[in-house]
Amino acid sequence: MKGHDLINSYLPDELIIEIFRHMHSKSSRDACALVCKRWLALERNSRRTLRIGASGSPDSFVKLLARRFVNVKNLYVDERLSVSHPVQLGRRRGGSQSTLSSLKLPYMIERGESDDSELESNCFSDAGLIALGEAFTKLKKLSLIWCSNVTSMGLQSFAGKCRSLRSLDLQGCYVGDQGLAAVGECCKELQDLNLRFCEGLTDKGLVELAIGCGKSLKVLGIAACAKITDISLEAVGSHCRSLETLSLDSEFIHNEGVLAVAEGCRLLKVLKLLCINVTDEALEAVGTCCLSLEVLALYSFQKFTDRSLSAIGKGCKKLKNLILSDCYFLSDKGLEAIATGCSELIHLEVNGCHNIGTLGLASVGKSCLRLTELALLYCQRIGDNALLEIGRGCKFLQALHLVDCSSIGDDAICGIANGCRNLKKLHIRRCYEIGNKGIVAVGENCKSLKDLSLRFCDRVGDDALIAIGQGCSLNHLNVSGCHQIGDAGIIAIARGCPELSYLDVSVLQQNLGDMAMAEIGEGCPLLKDIVLSHCRQITDVGLAHLVKKCTMLETCHMVYCPGITTAGVATVVSTCPNIKKVLVEKSKVSERTRRRAGSVISYICVDLSIPH
């Protein structure tokens, strides 16, 4: 019967709420809240997570949220985002309907128009944190990102109210020891704590926290805290026996602290270290004591050698993920020890370790047969034979990243293509020995490939993309700076990859023109993001053909394209209903376009165009 509400008549609240929970998009949930008053109330009551900005008038905004969303368990507050008060839904008698635009608050007040106290009132402060504690007493997770006006006073009050808190992120907050001690005293269920860039903390605060809630703590991150030393880590080792994840970034941490953690936290599964004063002695203790270690990331180490990796290889048999970045004294011997001892390795990244070469990586190919992702960055001594061995042994490889590896060429890529036929992602940048031969082999053999990036690979041309278009159905393609690629290659992609959603053809200055853009428009209706910058042959005509059929387009970058004029920019803005960002020179945006879509247009910081 017309006008009869079958959904609300037959569906109970519990079922509608369950449907809402399966909607992962905020916009979808907001749309459902507009259906009727019942759905609005149910949506508000079922909302478990809120993300808000911390600039505008966040302290008063928190009180408004508390009245509307009473069952929130996870709250994210970010100082880098502006606040917009939610729309007042429905019409009120005797008043006009409120709109979102009328309630938006400025991201930041103009300097010179108010004093410091007014500026601080536009940032999230202790008052807002106290209001949070009073309003959301069931909160499980709180993230405060760069909320620099939050101090120990606010954190003490909050901790006293939210005693069931399990996750706390204080990145960039200038809280002190008293606030952290209060968290340790009150939040006995705390499991996850991030203290990155908390410059006001000293050992006293972290020691008291470890004593207070160390039994429940499982994840701890410390970075750029100049007053945190080995004393804090010794307390962590003594009181945080259940710790599973530790991230350390500090020049003030030495062997003593890492040794204490290794000996006390034997359940450790993830260890990430950027500590230039840690040596072999500490890593050997990790290999001896932390037998459950699964993830190890070592960044910018200058004081340890292959002894460390040998100890890890002997003791950490469950290691699955290894990242080695700028570890100058590691060699093939250390990587061979890892390969021999850690046969369950599935992810390996080697970045700027100049003494690791072909032999070390070849040993991984022989022993780590479950490897699924490999990243080699700035590895000049790794050659074709290493990747040939990976191709022979690592049949489950799904992702390969190569950056500035000058000794790797077509033979290596052919070996990967022939052996690793489950490859889904291939990213190559500035590897000048890789050309058409290798990429053609990928197109012929890796039918599951979805993500291909070939940035500034001078020897890759149209033949490579023709093979990719015939053999693979890509979602993501980046050929920025590959000067030999032109219309023929991109047309093959347009005809063979109908599910393409991202395309970067920037800096293809001479060979790419309007014909390719027209084919992309016809063949890739799902395209959402395109980068055309520095393409000299593309004009308004090609752009019009592109956007006519690509109605789902959300971002378009087209700086330094002399053939695109104000008319082309206006066409993009007026034709694409979902457009969110257009990057272009300011001189190419007409006053009418600026009025119509100023919020989606971004300009380059420095206009390098030559005046006529």
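The protein chain contains 26 helices and 21 strands. Helices (H or I, at least four residues) and strands (E, at least two) are DSSP runs, numbered from the N terminus. The structure is a predicted model, in which local features need pLDDT of at least 70 and side-chain atom pairs count only at pLDDT 80 or more, while totals for chains, interfaces and linings use all residues. Residues are numbered from 1 along each chain as its sequence is written, and side-chain values use heavy atoms, with hydrogens and water left out.

**The chain as a whole**

A compact globule of 612 residues would have a radius of gyration near 25 Å, and the 28 Å of the protein chain agrees with this. The radius is taken over C-alpha atoms, and the globule rule is 2.2 Å times the number of residues to the power 0.38. The C-alpha trace spans about 70 × 65 × 60 Å along its principal axes.

Of the 612 residues, 52% count as buried. Buried means under 20% relative accessible area, exposed means over 50%, and partly exposed lies in between (1.4 Å probe, protein chains only). The accessible surface comes to about 27,400 Å², and 51% of it belongs to carbon and sulfur atoms; such areas come from the Shrake-Rupley method with a 1.4 Å probe.

A contact means heavy atoms within 4.5 Å. Among contacts between residues at least 6 apart in sequence, 76% join residues at least 24 apart.

Helix H16 (residues 332–341) is largely enclosed by the rest of the structure, because seven of its 10 residues are buried. Among these buried residues are Asp 332, Leu 335 and Ile 338. Their cover includes helix H15 (306–315), strand S10 (321–325), strand S11 (347–351) and helix H17 (358–367).

In helix H22 (residues 487–496), the buried residues are Gly 489, Ile 490, Ile 491, Ala 492, Ile 493 and Ala 494. Helix H21 (462–471), strand S16 (476–478) and helix H23 (514–523) are included in what covers them.

**Aromatic pairs**

The structure holds two aromatic pairs. Rings of Phe, Tyr and Trp (its six-membered ring) pair if their centres lie within 6.5 Å; planes under 30 degrees apart count as stacked, over 60 as edge-to-face and the rest as tilted.

| Pair | Centre to centre | Angle between planes | Class |
|---|---|---|---|
| Phe 20 and Trp 39 | 5.9 Å | 80° | edge-to-face |
| Trp 146 and Phe 197 | 5.4 Å | 35° | tilted |

Phe 20 lies in helix H2 (residues 13–21) and Trp 39 in helix H4 (residues 37–46), so this pair ties together parts that are 19 residues apart in sequence. Both Phe 20 and Trp 39 are buried.

The pair of Trp 146 and Phe 197 links distant parts of the chain, 51 residues apart. Trp 146 is in the loop between strand S3 (141–145) and helix H9 (152–161), and Phe 197 is in the loop between strand S5 (192–196) and helix H11 (203–213). Trp 146 is partly exposed, with a relative accessible area of 33%, and Phe 197 also counts as partly exposed, at 29% relative accessibility.

**A glycine in a loop**

Gly 214 is located in the loop between H11 and strand S6 (219–223). At 2% relative accessibility, Gly 214 counts as buried. Not counting residues up to four places away in sequence, Gly 214 touches Leu 209, His 239, Cys 240 and Arg 241. From Gly 214 to Asn 445 there are 231 residues in sequence and 52 Å in space, C-alpha to C-alpha.
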